[in-house]
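These are my notebook entries on one structure. I went through some loops, a strand and the ligand site.

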Amino acid sequence: MNLFILTGAGVSAESGLGVFRGPGAALWKRYDPMQLATPEAFARDPALVHAFYNARRRNLLAASPNAAHAALARLEAGLAQRGGALTLVTQNIDDLHERAGSTRVIHMHGELLKARCAACGAVSDRREDLSTDSRCDRGGALRPHVVWFGETPLYMEEIYAALEAADLFVAIGTSGAVYPAAGFVREARARGLRCCELNLEPSENAAEFDERRYGRASEITPSWAQEILAR
Ligand code: OAD
């Protein structure tokens, strides 16, 4: 089996990282993304944008993977043993999939524990706070290595090639509100793939899925993954 999985903030919610949308205290209900997550916001007030991502980075460093991350890492290993493959594409900028043991994670929205030079584009590991004084080795100003609204997500060619090669598409913990990720299910359907959604509640494009399971990611992901490995 060649599995394509798209994950979103719901997978990391039970690790305490918060979601952007959905019931309860969602990040974009408290903060305006246009003031924090756009290139224009960074140009206008880089200190404010750094403070937002610094807080999220500190939160991440104190967090741990949950049962959903662990189940996906086990699934990758189990599929490999059976001659199958798993492409794990995440919209999450945290590293919890990696910490749980997933070995190949495609971070289409970037990575919070990396910084990018706004001048030369060099990407480097970064676990400490960033400030307007943070510089790359060549002297350029650093920005978080995250994709903001209005920017093109990363690895899109690789992602569409993986969708082309897959025989099952699964979305876990994503609201289906942000494109192009929200459009992957339609691409998958157009290619004749079976599509499955695992989420706390129906996503914005729930109707596109053949199979839907609702509950906490830490509960429904392990049981679903076990069924896949038992096939
Ligand atoms: P969202 O915050 O939009 O959606 C999270 C989904 O997870 C919602 O449908 C919730 O109902 C669901 N959820 C919450 N808790 C859950 C749990 N314990 N188990 C399972 N599901 C749960 O997150 P994304 O879809 O990932 O982009 O958001 C997409 C993008 O929008 C993000 O990557 C980010 C954001 O703006 C950028 O910053 C560029």
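Entry: Helices here are DSSP runs of H or I with at least four residues, strands are runs of E with at least two, and both are numbered from the N terminus. The model is predicted, so I note that local features need pLDDT of at least 70 and side-chain atom pairs pLDDT 80 or more, while totals for chains, interfaces and linings use all residues. Residues are numbered from 1 along each chain as its sequence is written, and side-chain values use heavy atoms, with hydrogens and water left out.

Is Ser102 buried or exposed? Ser102 is buried, because its relative accessible area is 4% and buried means under 20% (exposed is over 50%, partly exposed in between; 1.4 Å probe, protein chains only). Not counting residues up to four places away in sequence, Ser102 touches Leu72, Ala73, Glu76, Leu88 and His97; contact means heavy atoms within 4.5 Å.

**Entry: strand β1.** β1 pairs in the parallel sense with β2 (residues 85-90) over 6 bridges, and Leu3 stands opposite Leu86 in β2. With β7 (residues 168-172) the pairing of β1 is again parallel, over 5 bridges, and here Phe4 stands opposite Phe169. Two strands count as paired if DSSP finds at least two bridges between them. In a regular strand the side chains alternate between the two faces of the sheet.

Entry: Which peptide bond is cis? I noted the bond from Tyr179 to Pro180, with omega near 10°. Pro180 sits in the loop between β7 and α9 (184-190).

Tyr155 is not a glycine, yet it has a positive phi of about 60°. I place Tyr155 in the loop between β6 (142-146) and α8 (156-165). Tyr155 counts as partly exposed because its relative accessibility is 39%.

**Entry: Leu130.** Leu130 lies in the loop between β5 (123-125) and β6. At a relative accessible area of 3%, Leu130 is buried. I listed its contacts, leaving out residues up to four places away in sequence: Leu130 touches His50, Asn54, Arg57, Ala115, Leu142, Arg143 and Pro144. Leu130 and Ala71 are 59 residues apart in sequence and 33 Å apart in space, C-alpha to C-alpha.

**Entry: ligand site.** How many residues surround the ligand? I read off 24, and the closest are Phe20, Arg21, His109, Thr174 and Ser175; a residue is included if one of its heavy atoms lies within 4 Å. The shell divides into 11 nonpolar, 9 polar and 4 charged residues. Nonpolar covers Ala, Val, Leu, Ile, Met, Phe, Trp, Tyr, Cys and Pro, charged covers Asp, Glu, Lys and Arg, and the others, Gly among them, are polar.

His109 is in the loop between β3 and β4 (110-117). His109 is buried, with a relative accessible area of 14%. Among the residues that His109 touches are Thr90, Gln91, His145 and Val178.

I also looked up pairs of N or O atoms within 3.5 Å. An N or O atom in the side chain of Arg21 is 2.6 Å from an oxygen atom of the ligand. A polar side-chain atom of Thr174 lies 2.6 Å from a ligand oxygen. A polar backbone atom of Ala217 is 2.8 Å from a nitrogen atom of the ligand. Taken alone the ligand exposes 790 Å², and the protein buries 95% of that, by the Shrake-Rupley method with a 1.4 Å probe.

Conventions: Polar contact = N/O pair within 3.5 Å; in protein donor to acceptor, adjacent residues only side chain to side chain.
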